Amino acid sequence: MSIKLKKRLVRWIWGVALFPFVVLLLMIILINWGVFGKMPTFEELENPQSELATEIYAEDGSGNYVILGKYALKNRSHIEYKELSPHLVKALIATEDARFLDHSGIDYRSLARVLFKTILGRNNKYGGGSTITQQLALNLYSERSRSRIKRAIQKLQEWVTAVNLERNYTKTEIVTMYFNTIPFGYESYGIRTAAQTYFNKLPSELKLEEAALMVGILNAPSWYNPVKHPQRAKDRRNVVLSQMVKYGYLDRKKYDSIAKLDIKLNFKLANHNTGYGTYFRETLRQIMKMQKPDIRNYRYRTREEYVADSIQWEKNPLFGWCNKNLVNGRPYNIDRDGLKIYTTVNAKMQQYAEEAVTEHLSKTLQPQFNGTKKYRRHFPFSNIIKESDVNGSISRAIRNSDRYRSMKNAGYSESEIMKSFNDTVPMTVFSWKGKNNEVDTVMTPLDSIWYYKSILRVAFMAIEPNTGRVKAYVGGHNFKYFKFDNVWQGRRQIGSTIKPFLYTLAFEEGWNPCSVVFNNTQTIPLPEGGVWSPETSEKEEYIGKEITLKLALALSSNNVSAYLIQRIPPRALADICHKFGLTGHMLPTPSICLGASDMSIAEMTAAYNVFPSKGMYTYPFLVSHIEDKYGNRLASFVPDRKEVISEETAYTTVNLMQGVTLGGTGTRVRQYVPYSMEVAGKTGTTNNNSDGWFIGYVPKLTVGVWVGNEDRGSYLLGDGARMSLPIWGMFMKKVLADKKIPIRDTDKFEIPPSIDMSIFNCPNEDEKSE
């Protein structure tokens, strides 16, 4: 072979050998230029953006906060390196990237192993060659492609990004970012969320075997799911432990003992349907995301709602907070920006409230209500309800259902849709008797509508006097199946709970607790003709006799209320109710004195809170402050307070309302709290017992409860003292038993120094009903 030919051959061999490297170098240059897609900038590398869940915090009663829930598209929470268990870091490095501490983003030895053993040798047991930093690059800046060509280009992009990450961050920072971004299944992104989901622990609290399980899941969260596939997950965990032995992070003896352990989880799936305060969390989200009210968007709502929302937009900084405040020139995204919202809710009170609701509804009220089915033609509707009204209610429910709307949008005819409502199908429905309050059954969609209409609904709210801080909030008994929030959204007739406002107005007009009224039937002429003569429910022994206002309120006398409304203009009662924060429409007619207007439990509880707050009204205070994902305070909130009545008038009403619980319609409360405890309150019941109310307060807490049905035509079981008061009592009993909550049965209402207590000493009258 000639020398010339040899030189050509050498050049050809070098060309062939160098060609891949030249192509690779060219590809890297083109990738850096962004030819194959946008690469992260230096600023993006300095501040990697990952979607973080917003965390909602509640007070724990000791000056600290606990997580109540999250808002998230991806349930991800941020942690620092110091919050990681050392077992996590060692397990990750041993399993995913043994030379992590030595390379600069790319492990060339691993790449060679992949080339010769995995690709050329077609042996997959040697694993992949991606480093922890490369995996982080993929998690932060890329979406995994299914195309082989695109995936190859994407791999090179990962290399470039990984090297840039290594230049900008320390190894500990990279590990921290990795654990903050990686998915663990069950919509748990990041180790903090995953540790809470699988073990209900912080990452720093994870034991060795738990940390190994967490790292093992990363390989394939669905395949190694420890909930569904415990043996498979255990085997994978032991692989991680063996890798730790191999690289000197664990000795063989300890491995042998831990490898035998079964997986023990404390699994708590976190989503918007689970946990405490589900209704509160969703209502808070809606309040913070509100847009500036536009009258064009209120076509199907009342003008009063538009006016109320407009006032809130101007006066309440929390209302529409996400749209009133900007980050990087855009409104805050409550599902992605990792906010920390510190609420006024007390975690233990919230727990006690939900327990009280569940206990009374599931064990007493719902079973009793179901027992009336045999006496009703169209259960749960009362027999006095017209059949046309019953059919109308069912028809509206059908047309408001997801099934009807989806089929209508898909082009099905009305007859086809209605036929589908009578076809038997398997479904899961809410049930107090089922595991996790649900059961699998077979029924028609129409039967399910009738079934759900028989389930009783509830609303509960607890507010702190003077500050207006909302301490507990229960908008219903199961958010998964009943999304409607009966605290904030629900409006029902308030019945006799309006009477304290009427009496308050009477005191403002010069009446006093011992003012005497003749208790007989009142017949009031109406301006449009005819008369109004309300029925009353107090005992016969009081009818036809003179009684004081003090006794009249305790007995909830309709006769006395009708007497007063003839001397106090209905418009004046409506005006003072609006001053107390009630925004619902109130017709200025005589029937206003018996609570014919619709209000929410939120408004009513805040209104009653005026009395123990010495005449000051405070709008329900939900959030104390908000921080960004770095812990910087973005906003602080203060109560919005105004004087509604004088301190003397407020205490006068407090004193009379104590009589309700000492011998009046609210006496049943003494089954739950000591007779010596100062409790004031008022029961309320509407026509046909459709709604049961009890709003009561002690010196340091005001609590409102409503129980009813979806349809007002459902005749329930007794009055507010039977339907709602027990929930109040069960809750208060739990609160008093918890010594960490500063509420005692010895607390006293503060008496204004200017008030003459003799005005409550009515002569020659036994103020207690028998």
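In which helix is Gln135 found? Gln135 lies in helix H5, which spans residues 132-141.

This is a predicted model, in which local features need pLDDT of at least 70, side-chain atom pairs count only at pLDDT 80 or more, and totals for chains, interfaces and linings use all residues. Residues are numbered from 1 along each chain as its sequence is written, and side-chain values use heavy atoms, with hydrogens and water left out.

**View 1. Gln135 in helix H5.** Helices are DSSP runs of H or I with at least four residues, numbered from the N terminus. Gln135 counts as buried because its relative accessibility is 17%; buried means under 20% relative accessible area, with a 1.4 Å probe and protein chains only. Apart from residues up to four places away in sequence, Gln135 touches Glu96, Ser130 and Tyr178. Contact means heavy atoms within 4.5 Å.

**View 2. The largest nonpolar core.** A nonpolar core is a set of buried Ala, Val, Leu, Ile, Met, Phe, Trp, Tyr and Cys residues joined through side-chain atoms within 4.5 Å. The largest one has 138 residues, and those with the most contacts inside it are Leu284, Phe460, Phe501, Tyr503, Leu573, Phe731 and Met732. Helix H15 (residues 347-370) gives this core its largest share, nine residues. Leaving aside neighbours within four places in sequence, Leu284 is in contact with Ile56, Tyr71, Leu318, Ile341, Thr343, Leu622 and Val623. A second, separate core has 44 residues, including Ile132, Ala195, Leu206 and Val215.

**View 3. Helices H15 and H27.** The axes of H15 and H27 (residues 725-737) come within 8 Å and cross at roughly 140°. Axes are lines fitted to C-alpha atoms, for helices over the stretch in contact, and angles run from 0 to 180 degrees between N-to-C directions. On the H15 side the contact includes Met349, Tyr352 and His360, and on the H27 side it includes Pro726, Phe731 and Val735. By class, this contact has ten nonpolar, one polar and three charged residues. Ala, Val, Leu, Ile, Met, Phe, Trp, Tyr, Cys and Pro count as nonpolar, Asp, Glu, Lys and Arg as charged, and the others, Gly among them, as polar.

**View 4. Helices H20 and H22.** The axes of H20 (residues 499-508) and H22 (residues 558-565) come within 11 Å and cross at roughly 45°. H20 is therefore oblique to H22. Lys499, Leu502 and Tyr503 of H20 meet Asn558, Val560, Ser561, Leu564 and Ile565 of H22. The residues of this contact divide into five nonpolar, two polar and one charged.

Notes:
Helix = DSSP H or I, 4+ residues; strand = E, 2+ residues; numbered from the N terminus. Parallel < 35°, antiparallel > 145°, perpendicular 65-115°, else oblique. Buried < 20%, exposed > 50% of the residue type's maximum accessible area, 1.4 Å probe, protein only.
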